[in-house]
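Here are my notes on this model, written up as promised. Have the sequence and the coordinates open while you read.

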Amino acid sequence: MSNDDSMFSHHEHALDKANEPCPECGSELTIKHGKSGAFWGCVSYPACAFTRPIVEHEKVEDQILAGSECPKCGHELAVKQGRYGMFIGCSNFPECHHIEDQNHHEDAGVNCPKCQKGELIERTSRYGKIFYSCDNYPKCKFIVNHPPVAGTCQKCGFELLLKRNMSAGEKLQCAQKKCGHFQET
């Protein structure tokens, strides 16, 4: 087994500050745990509320994307780092709040049964789940959790069916919540 110090070099600065006193009151710092994870905190809390992250993350500078143009204001787009990771946004922030859409929306090819004007498109929730909603949102708030299929319910006549994968195979179900009838083939 070799003595390889390179695996400790990235977070080395976290250990350098382990025995430093609190810069505000001079008391000892200790590792505490909160809802966002571990951090250095003063032992004199609540009299002293000093905290510091254990691992300080490096700030990534915005990188301008040459040849790109913001569709709202015409400035260049840039790769930026936010609280939820990397994204592409307008370099004219805060005057312009344009952010490029990260989720590609697939058209399901089915008209919205509620407003009769929009079409249902595939979207991804912030938790990674796929759902289908009307592209006229927020005017129309129709939403379903399963792939929509054009068709009419045999029981209530609602003009949208959902494709459901059941243990017995693929079935079509009425998209109206009050009905929920499984179609007979």
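The points below go from the overall picture to the sheets, the cores and one glutamine.

1. Ground rules. This is a predicted model, so to speak: local features need pLDDT of at least 70, side-chain atom pairs count only at pLDDT 80 or more, and totals for chains, interfaces and linings use all residues. Residues are numbered from 1 along each chain as its sequence is written, and side-chain values use heavy atoms, with hydrogens and water left out.

2. Confidence. The mean pLDDT (the predictor's confidence in each residue, from 0 to 100) is 80 for the protein, and 81% of its residues reach 70 or more. Where pLDDT is low, the predicted coordinates should not be read in detail.

3. Overall make-up. The protein has two helices and 13 strands; these are DSSP runs numbered from the N terminus, with helices being H or I of at least four residues and strands E of at least two. Of the 185 residues, 24% are buried, meaning under 20% relative accessible area, with exposed over 50% and partly exposed in between (1.4 Å probe, protein chains only). Taking contact as heavy atoms within 4.5 Å, residues 24 or more positions apart account for 17% of the contacts with a separation of 6 or more.

4. E122 stands opposite Y132 in β9. Five residues lie between the strands of this hairpin, and G128 takes a positive phi near 90° there.

5. The three-stranded sheet. Have a look at the open sheet with the order β11-β12-β13 and antiparallel pairing. β11 (148-149) and β13 are the edges, each with a single partner strand, so one side of each has no neighbour in the sheet. β11 pairs with β12 (residues 161-166) over two bridges, and L162 in β12 is the bridge partner of P148.

6. Nonpolar cores. A nonpolar core here is a set of buried Ala, Val, Leu, Ile, Met, Phe, Trp, Tyr and Cys residues joined through side-chain atoms within 4.5 Å. The largest has 15 residues, and C112, L120, F142, V144, F158, L160 and A175 touch the most other members. β9 and β12 are the elements that give two or more residues to this core. A second, separate core of six residues includes L29, W40, C42 and C48. Back at C112, contacts beyond four places in sequence are G118, E119, L120, C134, C140 and F142.

7. What surrounds Q173? This residue belongs to strand β13 (residues 169-174) and counts as buried because its relative accessibility is 12%. Leaving out residues up to four places away in sequence, Q173 touches L160, L161, L162, R164, G180, H181 and F182. Its side chain makes a polar contact with the side chain of R164 (2.6 Å); such a contact is a pair of N or O atoms within 3.5 Å, where within protein one must be able to donate a hydrogen and the other to accept it, and residues adjacent in sequence count only if both atoms are side-chain atoms. A polar atom of the Q173 side chain also lies 3.1 Å from the backbone oxygen of G180.

Technical notes: Pairing = 2+ DSSP bridges.
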